[in-house]
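This briefing goes through one protein chain, topic by topic. Keep the sequence and the 3D view open while reading.

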Amino acid sequence: MKRLMLVIMLVMSTIGLEWIEDKELNVCFADASQSLRVLTTTSDLKSITEEIGGKYVQVTSICAGNQDPHFAEAKPSIIVNARKADLLVVIGLELEVGYEPLIIEGARNAKIKPGADGYLDVSDGVLLRELPTGKVDRSMGDVHPFGNPHYWLDPYNARIMSQNISNRLQKIDPTRSADYQANYQAFIKKIDEAMFGAEATAKIGGDKLWEQEISGKLDEFIKGQEVQLGGWIEKARPLRGLKIVIFHRSWTYFTNRFGLSTTGEIEPKPGIPPGPGHLKDLIQKMKSENARIILMETFYDRKSSDFVANQTGASVAICALSVGGKAEVNDYISLIDHLINHLLKLGGK
């Protein structure tokens with residue numbers, strides 16, 4: 001009997017089925033769900049992939065929401081997940097350059113190597129900011145040569161990311177294409193209604209509203225419509241022009257989308273710890289420009305931010321950069337809600 005079971009397990013492993021043992025029933029059976037195993041580098045990618053994949057995906061994230069996505073360990077458990085994965089989803093733009101190659105090499109899984117259908121860089125087509133115009137070298141700090149990789153904090157880019165994920169799921173699992181497409185459309189509607197309000201989205205359409213927003217003509221356009229804007233775009237209106245200081249350049253896409261003004265940065269250069277001279281200059285600038293909020297990530301040491309806040313009377317807003325970064329941030333919508341609500345509480349005009 002044991003020999004027969006071993007033979008069955010070997011055959012199942014060869015054709016890609018998983019053997020699961022139920023000790024209480026003392027029986028073994030094959031996993032009939034046939035879910036796609038997806039490994040993502042960040043919790044934001046995990047959240048969006050689960051929205052699009054629904055019940056047909058099992059998603060694991062390499063980085064937790066309260067972890068710096070630039071740095072992760074190629075742990076044995078992660079490599080095991082990568083070895084079993086049908087799809088690897090990455091932010092790209094060299095955000096994961098320190099650990100992604102190690103995980104892929106250790107996994108020895110041809111399906112998820114760059115260039116294969118099981119490898120997806122969701123940065124394709126997103127609206128990029130901070131693209132270097134000249135030569136990039138280490139003297140400039142942690143500058144990314146292909147643009148700032150924290151693009152997920154712009155809801156417009158979340159739409160594009162979700163489309164890229166939907167397209168790839170449909171490609172590698174065409175029998176469920178209709179389900180992935182339907183889930184994608186539902187997620188897009190959710191993003192658009194959260195951004196512009198349900199009424200404006202229903203009457204004008206998300207695509208048209210985003211077209212006007214990206215061109216900088218939304219306010220002018222909406223005046224000629226018999227509809228009121230709602231959602232994030234209206235709720236965050238008091239934040240427009242608000243002068244803040246950031247810790248790292250994680251927040252560029254969020255501040256640009258909602259009109260906040262960045263006065264300075266705690267880091268003198270991306271990834272470089274601040275010295276006394278830099279902090280002194282920053283304090284003077286904050287006082288002269290009346291910047292009263294320091295926006296920083298959950299995973300950085302707040303010592304320098306607290307020092308500057310004590311010297312200027314500013315508030316330190318420690319916010320989630322990703323889904324799971326704070327207890328109340330359990331999906332993409334709540335991530336943007338969290339950021340807007342926190343900043344309004346501290347400095348909305």
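Strands here are DSSP runs of E with at least two residues, helices are runs of H or I with at least four residues, and both are numbered from the N terminus. Two strands pair if DSSP finds at least two bridges between them. This is a predicted model, in which local features need pLDDT of at least 70 and side-chain atom pairs count only at pLDDT 80 or more, while totals for chains, interfaces and linings use all residues. Residues are numbered from 1 along each chain as its sequence is written, and side-chain values use heavy atoms, with hydrogens and water left out.

- Angles run from 0 to 180 degrees between N-to-C directions, and axes are lines fitted to C-alpha atoms, for helices over the stretch in contact.
- Strands β3 and β4 are parallel and pair over five bridges; Leu-36 is opposite Val-57 in β4.
- Strand β3 (residues 36-40) also runs parallel to β5 (residues 87-90), and three bridges join them. Here Leu-39 stands opposite Leu-88 in β5.
- Four of the five residues of β3 are buried, so this strand is mostly covered. Buried means under 20% relative accessible area, exposed means over 50%, and partly exposed lies in between (1.4 Å probe, protein chains only).

**Two buried loop residues**

- Thr-42 sits in the loop between β3 and α2 (43-53). With a relative accessible area of 1%, Thr-42 is buried.
- The side chain of Thr-42 reaches the backbone nitrogen of Leu-45 at 3.2 Å.
- Contact means heavy atoms within 4.5 Å.
- Asp-173 is in the loop between α5 (155-172) and α6, and its relative accessibility of 9% makes it count as buried.
- The side chains of Asp-173 and Tyr-180 make a polar contact at 2.6 Å. A polar contact is a pair of N or O atoms within 3.5 Å; within protein, one must be able to donate a hydrogen and the other to accept it, and residues adjacent in sequence count only if both atoms are side-chain atoms.
- Leaving out residues up to four places away in sequence, Asp-173 touches Leu-36 and Tyr-180.

**The sheet with β9**

- Another open sheet has four strands in the order β8-β7-β9-β10, again with parallel pairing.
- Its edges are β8 (261-265) and β10 (315-319); each has a single partner strand, so one side of each lacks a neighbour in the sheet.
- Neighbouring strands in this sheet are turned by 35° against each other on average, direction ignored.
- Strand β9 (residues 293-297) pairs with β10 in the parallel sense over five bridges. The bridge partner of Met-296 in β10 is Ile-318.
- Helix α12 (residues 276-289) packs on the sheet and touches β7 (243-246), β8 and β9; its direction makes about 155° with that of β8.
- Helix α14 (residues 332-347) lies across β9 and β10 and runs at about 170° to β10.
- Asn-290, in the loop between α12 and β9, is partly exposed, with a relative accessible area of 47%.

**Nonpolar cores**

- The largest nonpolar core has 67 residues, and Met-161, Phe-196 and Phe-258 have the most contacts inside it. Such a core is a set of buried Ala, Val, Leu, Ile, Met, Phe, Trp, Tyr and Cys residues joined through side-chain atoms within 4.5 Å.
- Helix α6 (residues 177-196) gives this core its largest share, eight residues.
- Apart from this core lies another, of 16 residues, among them Val-245, Phe-247, Ala-291 and Val-308.

**The whole chain**

- The protein chain has 14 helices and 10 strands.
- Of its 349 residues, 48% count as buried.
- Among contacts in the chain with a separation of 6 or more, 61% are between residues 24 or more positions apart.
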